[in-house]
Amino acid sequence: MTGEDKQVKPANQRGAARLGAVQALYQMDIAGSGVLEVVAEYEAHRLGQEVDGETYLKADASWFRSIVAGVVRDQAKIDPMIRGALQDDWSLSRMDSTVRAILRAGTFELIERKDVPIAVIVTEYVEIAQAFFPDDEPKLVNAVLDRIAKQVRAPAQK
């Protein structure tokens with residue numbers, strides 16, 4: 001059995017869904033695409049497929065859909081939370097679109113997916129940031145999601 005024959009674990013499928021969701025949110029932000037159009041494109045042509053020589057991991061499609069649709073539905077609630085967790089001199093609109101997509105997806109999961117531990121969510125999105133950026137952005141993602149986690153999860157844990 002070679003490395004390619006191994007079964008993809010559900011946790012890895014969630015990680016792939018998170019990465020796909022960040023990419024879809026980025027695409028929607030840049031191109032102004034609609035949520036239904038982007039979700040359909042990713043499910044049909046990207047998740048678990050080969051595109052331009054890059055093989056996309058098999059992803060948990062329902063997890064992917066819930067993140068993308070949830071961010072779009074709750075963006076009016078999510079963006080102010082992110083702005084509140086940023087340093088005073090940072091604005092959400094000035095931020096790189098990929099970082100914005102990562103923070104929106106991570107914030108959505110912190111709010112909505114109470115069944116997933118904070119550390120799992122923060123670590124996954126920091127790793128996604130590290131895949132795109134060398135240095136400061138992963139630290140920013142870590143700090144912002146950590147601040148938001150303390151706001152949205154702390155009362156329930158007391």
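Tutor: Start where H4 meets H5: Thr98, Ile102, Ala105, Gly106, Glu109 and Leu110 of H4 are in contact with Ile118, Ile121, Tyr125, Ile128, Ala129 and Phe132 of H5. Contact means heavy atoms within 4.5 Å, and helices are DSSP runs (H or I, at least four residues) numbered from the N terminus. This is a predicted model, where local features need pLDDT of at least 70 and side-chain atom pairs count only at pLDDT 80 or more, while totals for chains, interfaces and linings use all residues. Residues are numbered from 1 along each chain as its sequence is written, and side-chain values use heavy atoms, with hydrogens and water left out.

Student: At what angle do the axes of H4 and H5 cross?

Tutor: Roughly 170°, and the axes come within 10 Å. H4 is therefore roughly antiparallel to H5, a label for angles over 145 degrees.

Student: New topic: where is confidence lowest and highest in the chain?

Tutor: Strand S1 (residues 50–51) is lowest, with a mean pLDDT of 48, and H4 is highest, at 96. pLDDT is the predictor's confidence in each residue, from 0 to 100, and a strand is a DSSP run of E, at least two residues. Over residues 1–10 pLDDT stays under 50. Where pLDDT is low, the predicted coordinates should not be read in detail.

Student: What does the chain average?

Tutor: A pLDDT of 81, with 79% of the residues scoring at least 70.

Definitions and conventions
Axes fitted to C-alpha atoms, helices over the stretch in contact; angles between N-to-C directions. Parallel < 35°, antiparallel > 145°, perpendicular 65-115°, else oblique.
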